[in-house]
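Here is a short tour for anyone meeting this structure for the first time. Have a look at the picture, then read on.

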Amino acid sequence: MGEVVHSSRGTIRTSRALVLILLLVITGTASALWALKSGYPAVSWKELWRVLLNREGSDLAVTSILELRLPRIVLGFLSGAMLAISGVLMQTGLRNPLASPDLIGVSAGSSLIIAVITVFHLPVAFNLYPLFGLVGGFTGGLIVIASVYGRTDSTSIILMGTAVTAMLNGMIVWLITMGTQNDINLLYTYLMGSLSGRHWNHVQYLLPWAVIGIPAAMLFIKPLNLLRLGDEQAEALGQKVARLRLLLLVASGVMVSAVVAQCGPIGYIALLGPYLTRAILGTEDARWILPCSAAVGAVLLVTADLFAKTVFIPREVPVGLWTTMVGVPVLILMLVMRGRRRN
């Protein structure tokens, strides 16, 4: 009887996953095509296909579509996937579904380092930004984790993360006051989290981190499932829990820092991607959650960027503001639901 129930649940989960993937493919494709068509110069669907398939059309249209809009979309897919994966790794590693890089100081720490480099015009090669951002991200995250070490309640982590993030953001504001007008303009767009103005160089710098980081994260599927059993059970099955948690936080921090270096701190994708995936699939199994969260995060970011680009056209709103406007209500909902379960 137990085998029948288990098989039935597996079938339902597989069906949900297939439906989710189908919806993501449709939504992602539609968002990407609309984003390629939108903007200046305006192009028809026919002209868009001519440019994509044969590079035929006006020089302005070809340059705009292939050198500005297309890399922006590719960067959005890569960044969204990496942020969502980092959320899964961090949430499972800390055993807290509310843990995410933007809530525990990682994104703010990375942003602070990039702000320092920008304001003081430090001679740092652009492709090394993720490494320097990694140092800042780890510093911010470790302050929060060390401060709430031994506590398991979500409120402690969020409160401490909010405090540390506010402190780091205050330092960033102080740095901005020391910069030139050009520095301020650059940092404003960057700190809001934006894909605007990105081109193939940004994709080129992020791609190696994605090509290595995303497959490497999939190697954690079995250890992540062991952690779900509890520390003692995982240790009994041969898993070194302390070392695994450190590896998970390192992997999460690396991917977040790489994205922050190219796009700025885009909030709440790391929280929304895993949360929506778990809610839709109805499981905590990392075999499903990790790859599906990556796909959800990728489509979420590209779709949010489409709204950022088109809703107030010809003006653009940084995509980080859109993800925050969606993410904050979801976070509040999660806190309310967890409070009701405890009561």
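Which helix is the place of Thr 323? Thr 323 sits in helix α14, which covers residues 319-342. Keep in mind that this is a predicted model.

So, is Thr 323 buried or exposed? Its relative accessible area is 4%, and because buried means under 20%, Thr 323 counts as buried. Leaving aside residues up to four places away in sequence, Thr 323 touches Ile 266, Gly 267, Tyr 268, Ile 269, Leu 272 and Ala 304. Ala 242 is another story: 81 residues separate it from Thr 323 along the chain, and their C-alpha atoms are 33 Å apart.

## Helix α12

Two of those touching residues, Ile 269 and Leu 272, are also among the buried residues of α12.

How far apart are the end C-alpha atoms of α12? They are 18 Å apart, which agrees with the 18 Å that 13 residues (269-281) should span at 1.5 Å a residue. Just after α12 comes Gly 282, with a positive phi of about 65°.

## Where α3 meets α11

Now for a pair of helices: α3 (residues 59-94) and α11 (residues 241-263) have axes that come within 8 Å and cross at roughly 155°. That angle makes α3 roughly antiparallel to α11. The crossing is left-handed.

Residues in the contact include Leu 75, Met 82 and Leu 89 of α3, and Arg 245, Leu 248 and Met 255 of α11. By type, the contact residues divide into 15 nonpolar, 4 polar and 1 charged.

Terms used: Residues are numbered from 1 along each chain as its sequence is written. This is a predicted model: local features need pLDDT of at least 70, side-chain atom pairs count only at pLDDT 80 or more; totals for chains, interfaces and linings use all residues. Side-chain values use heavy atoms; hydrogens and water are left out. Helices (H or I, at least four residues) and strands (E, at least two) are DSSP runs, numbered from the N terminus. The expected span of a helix is 1.5 Å times one less than its number of residues. Buried means under 20% relative accessible area, exposed over 50%, partly exposed in between (1.4 Å probe, protein chains only). Axes are lines fitted to C-alpha atoms, for helices over the stretch in contact, and angles run from 0 to 180 degrees between N-to-C directions. Angles under 35 degrees count as roughly parallel, over 145 as roughly antiparallel, 65 to 115 as roughly perpendicular and the rest as oblique. A crossing is left-handed if the near helix is turned anticlockwise from the far one by less than a right angle, and right-handed if clockwise. Contact means heavy atoms within 4.5 Å. Ala, Val, Leu, Ile, Met, Phe, Trp, Tyr, Cys and Pro count as nonpolar, Asp, Glu, Lys and Arg as charged, and the others, Gly among them, as polar.
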